[in-house]
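Keep the 3D view open and follow along.

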Amino acid sequence: MAVLLSAAALSQSFGARVLFEDLSLSLSEGDRTGLIGPNGSGKTTLLEILAGRQAPRAGVRALRKLTRLAYVPQDSQFGPDDTVASVVTAALAGLPLEEREKTARMEMILGRAGFDIPATPAAALSGGWRKRLSIAAALVTSPDVLLLDEPTNHLDLEGILWLEDAIRTANACLVVTHDRYFLENVASHMVELNPVYPQSAFQVKGNYSEFLERREEFLEAQAKQQDSLATKVRREVEWLRRGPKARTGKSRARVDAAGRLIEELSAATARARTATAKIDFTASDRKTKRLIETEGIGKALGGRRLFQNLSLTLSPGVRIGLVGANGSGKTTLLKILQGELEPDEGSIQRADRLQIVSFAQDRGAHLDLDLSLRRTLCPEGDSVTYRGRPIHVAGWARRFLFREEQLDMPMSRFSGGERARAMIACLMLAEADILLLDEPTNDLDIPTLEVLEDALLEFSGAVVLVSHDRYLLDRVSTVVIGLDGGDGGIFADYSQWEASRNEPPPPKAVAKESRPPAPEDGPKRKLAYLDQREWDGMETNILEAERELAARHRELQEAASDASRVTEAYEELQQAQRRVEDLYARWAELEAKVAR
């Protein structure tokens, strides 16, 4: 395969801190490369260099002649007069195409991306739809190389699946993302940017699971090598302490070799030092069984119904995942639970003196970007109070992987992941009965995601989590509620909700108990004795099965607050659904026999 984009011996620094050094990678035809790494390791900087927007401190970047490259940055920015159509039209402006072909391309890409009204102002779009528009504007040019920085941020499931399909058809693509299912489904190559590796990166041919296996093997081998090197260094240090008996050429060479070994061990030890944020939310340990209880609540905005007849109970230990398309009402439901909005219908009861801690999706609205990190973490004084104990702000910042020299930097200079860590650091200081988290995973690196997952699993209060991170929802949620403009389906986990979207809807008889079509006045052909008996009782059997299915639906709704019961209730619902489907299939089979 021809190499389209390559980089050799790249080095770059941020101030005095080295981001990466002596880094080399290439992108060939057919490559779909996933790029991961800790926040602050230089992933966005590397993409800027590969896109030709930034020059490296050292090294060479080369793009094959006549290769068309498209770059989608992490933040989607549009002008006040931009519309969906104008953004895509602007992307096509430099291509040698006739206007008719440009129009056809625009209509095709907008249709595939799900845009129904091209005249919609870009500024009026939600975060997920703005991201879709940015990606669509890149794809419409049919690029040879596609560079994407955190493209799954804010995208709903439909958007993520659309992006997965689009990337599979791309000529070559490099994607910065921390969506582990996305990497598993799409990546043919993996690159981790991390100072723990020589040349600043570890590269594997394969998807995410293959990368994890190869990385584990590499780190084990590296640890053994470091142990062996440490043994050699100890032996040489002992020799140096005794002092060479004579200043011969051989002894001087051994002294020099010992020095090189010590330097090599020091570099390996420094690379092996890894740190992760220490996330541990403070639970109030309140024993109230019903912290929040809703009964039949519904909400409409702008004349469009978001959800209706939604009943749920938040108790300690319940972790609800809210899923649904962008604009389905997930954030609105969080605001209702918190008391910022009132439902249009139904009732909501909250326990007395309820303590709610919330993480907002719009971080800009809750972080003053002109404020320093010091004042963001600690508005007054020089220490914070965590679980009754004072901690100096510098120590608190280190807990979230911030360096002391960053304390007086304004928040505007921090990456999205660093801002998310700062918000989590502030939230951890407050005791909580309930955590309401709206897209907390955007921009977080994989090590921090894993720590966040563990913290949510250990939190003894209730959690309501909005996220499109499929792996996190599968691991953390005790129940998933899917919002679709109706009553909201309740499922045991994210995978069951996703599977349910591909299943045919249950027969209308479940809701209305309408009777199956009656057989004709008499069979056109005489059935065998046992078949005739089955035929005669089919109508009664189907109605009984449908009543059972309706009962299982009600039980699953009622089990939403009981994590131990949800999975069992969902399995019973599936069995009842299969029973109804089997009966209808058998009905059709007998009817075909009669008609012959």
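## Starting at Leu 435

Skip the neighbours within four places in sequence, and Leu 435 is in contact with Phe 281, Val 357, Leu 456, Phe 459, Ala 462, Val 463 and Val 464. Contact here means heavy atoms within 4.5 Å.

Before going on, a word on where this comes from: it is a predicted model, where local features need pLDDT of at least 70 and side-chain atom pairs count only at pLDDT 80 or more, while totals for chains, interfaces and linings use all residues. Residues are numbered from 1 along each chain as its sequence is written, and side-chain values use heavy atoms, with hydrogens and water left out.

Buried means under 20% relative accessible area, exposed means over 50%, and partly exposed is in between (1.4 Å probe, protein chains only).

In soluble globular proteins, nonpolar side chains tend to be buried together. Over the chain of 596 residues, 46% are buried.

## Strands side by side

The chain has 18 helices and 22 strands. These are DSSP runs numbered from the N terminus: helices are H or I with at least four residues, strands are E with at least two. Two strands pair if DSSP finds at least two bridges between them. Strand β15 (residues 356-359) runs parallel to β19 (residues 434-438), joined by four bridges, and Val 357 has Leu 435 as its bridge partner. The covered face of β15 holds Val 357 and Phe 359, and the uncovered one Ile 356 and Ser 358. In a regular strand the side chains alternate between the two faces of the sheet.

Elsewhere, six strands form an open sheet with mixed pairing, in the order β5-β6-β7-β3-β8-β9. At its edges stand β5 (69-72) and β9 (201-205), each with a single partner strand, so one side of each has no neighbour in the sheet. From one strand to the next, the twist averages 15 degrees. Helix α4 (residues 127-139) packs on this sheet and touches β5 and β6 (145-149), with its direction at about 175 degrees to that of β5. Axes are lines fitted to C-alpha atoms, for helices over the stretch in contact, and angles run from 0 to 180 degrees between N-to-C directions.

## A glycine in a loop

Gly 327 sits in the loop between β13 (319-324) and α9. Is this glycine buried or partly exposed? Gly 327 is partly exposed, with a relative accessible area of 42%. Neighbours within four places aside, Gly 327 is in contact with Arg 304 and Leu 306.

In helix α9 (residues 330-338), the buried residues include Leu 333, Leu 334, Ile 336 and Leu 337. Just after α9 comes Gly 339, with a positive phi of about 100 degrees.
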